Amino acid sequence: MTFPSVSHLKAQAKRLRTAMANAGDQSPSHSKSLELLAAQYGFRDWNTLHAAASGPAQFPFAVGDRVRGCYMKQPFTGEVVGLNKVGPSDHHRVTLQFDTPVDVVSFDSFSSFRSRVTCIVREDGIAVKKTSDGNPYLKMNLAA
């Protein structure tokens, strides 16, 4: 299983604390939120999850991350809603939900909008497959 980086895990724990506080629940301490996150990933404690996530070659994107970039040469912002490692390679299948649908047709007389797309990407967030003019289908970065 591929885990998000430790910094991504800590950010998830912070979002968990914020969400619980916004829901009116008692906000857990930072260490408690890390322990809760470890349990969600199936680990007995934060130290065990931290060790697993600190292994080599962590993919820089995780489910729930906000991303931006270009899909079919059109700019987008959105969220990673699905992520799977593809075989023994460093490729991943990523599913994105766009904030605003993206028109993937370049003709003025015709449009075709996409709200959710799935692509195979390398570790740098660039799609493996390319369009007929040689550009990758997708280029994505973490949103600032």
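Me: Which residue in β3 is the bridge partner of G82?

Reply: The model is a predicted one. In it, β2 covers residues 74-85 and β3 covers residues 92-103. G82 bridges to a residue of β3, and that partner is T95.

Me: And which residue in β3 is the bridge partner of G78?

Reply: β2 and β3 run antiparallel and are joined by seven bridges. G78 has its bridge partner in β3 too, and that residue is F98.

Me: Which turn residue between β2 and β3 has a positive phi?

Reply: β2 and β3 form a hairpin, with six residues between them. In that turn, a positive phi of about 55° belongs to G87.

Me: How many residues lie between β1 and β2 in their hairpin?

Reply: β1 spans residues 66-71 and pairs with β2 in the antiparallel sense over six bridges. The turn holds M72, with a positive phi of about 50°. The number of residues between the two strands is two.

Me: Which strands stand at the edges of the sheet?

Reply: The sheet is open and antiparallel, with its five strands in the order β4-β3-β2-β1-β5. Each edge strand has a single partner, so one side of each is left without a neighbour in the sheet. From one strand to the next, the twist averages 35°. The edge strands are β4 (113-121) and β5 (138-142).

Me: In what order do the elements run from the N terminus on?

Reply: The chain has three helices and five strands. Its C-alpha trace spans about 55 × 40 × 20 Å along the principal axes. From the N terminus on, the order is α-α-α-β-β-β-β-β.

Me: Are α1 and α2 roughly parallel or roughly perpendicular to each other?

Reply: α1 (residues 6-22) and α2 (residues 30-40) have axes that come within 9 Å. The crossing is right-handed. The axes cross at roughly 110°. Angles of 65 to 115 degrees count as roughly perpendicular, and therefore α1 and α2 are roughly perpendicular.

Me: What is the volume of the largest pocket?

Reply: Its lining includes M72, K73 and Q74, along with V104, V105, S106 and F107. T131, S132, D133 and Y137 line the largest pocket as well. The lining residues divide into five nonpolar, four polar and two charged. The volume of the largest pocket is about 220 Å³.

Key. Residues are numbered from 1 along each chain as its sequence is written. This is a predicted model: local features need pLDDT of at least 70, side-chain atom pairs count only at pLDDT 80 or more; totals for chains, interfaces and linings use all residues. Side-chain values use heavy atoms; hydrogens and water are left out. Two strands pair if DSSP finds at least two bridges between them. Helices (H or I, at least four residues) and strands (E, at least two) are DSSP runs, numbered from the N terminus. On a 1 Å grid over the protein atoms alone, a cavity is a set of points where a 1.4 Å probe fits but cannot get out, and a pocket is an open set with protein on both sides within 12 Å along at least five of seven lines; lining residues have an atom within 4 Å of a point. Grid points are joined across faces, edges and corners, and a volume is the space filled by probe spheres set on the points. Ala, Val, Leu, Ile, Met, Phe, Trp, Tyr, Cys and Pro count as nonpolar, Asp, Glu, Lys and Arg as charged, and the others, Gly among them, as polar. Axes are lines fitted to C-alpha atoms, for helices over the stretch in contact, and angles run from 0 to 180 degrees between N-to-C directions. Angles under 35 degrees count as roughly parallel, over 145 as roughly antiparallel, 65 to 115 as roughly perpendicular and the rest as oblique. A crossing is left-handed if the near helix is turned anticlockwise from the far one by less than a right angle, and right-handed if clockwise.
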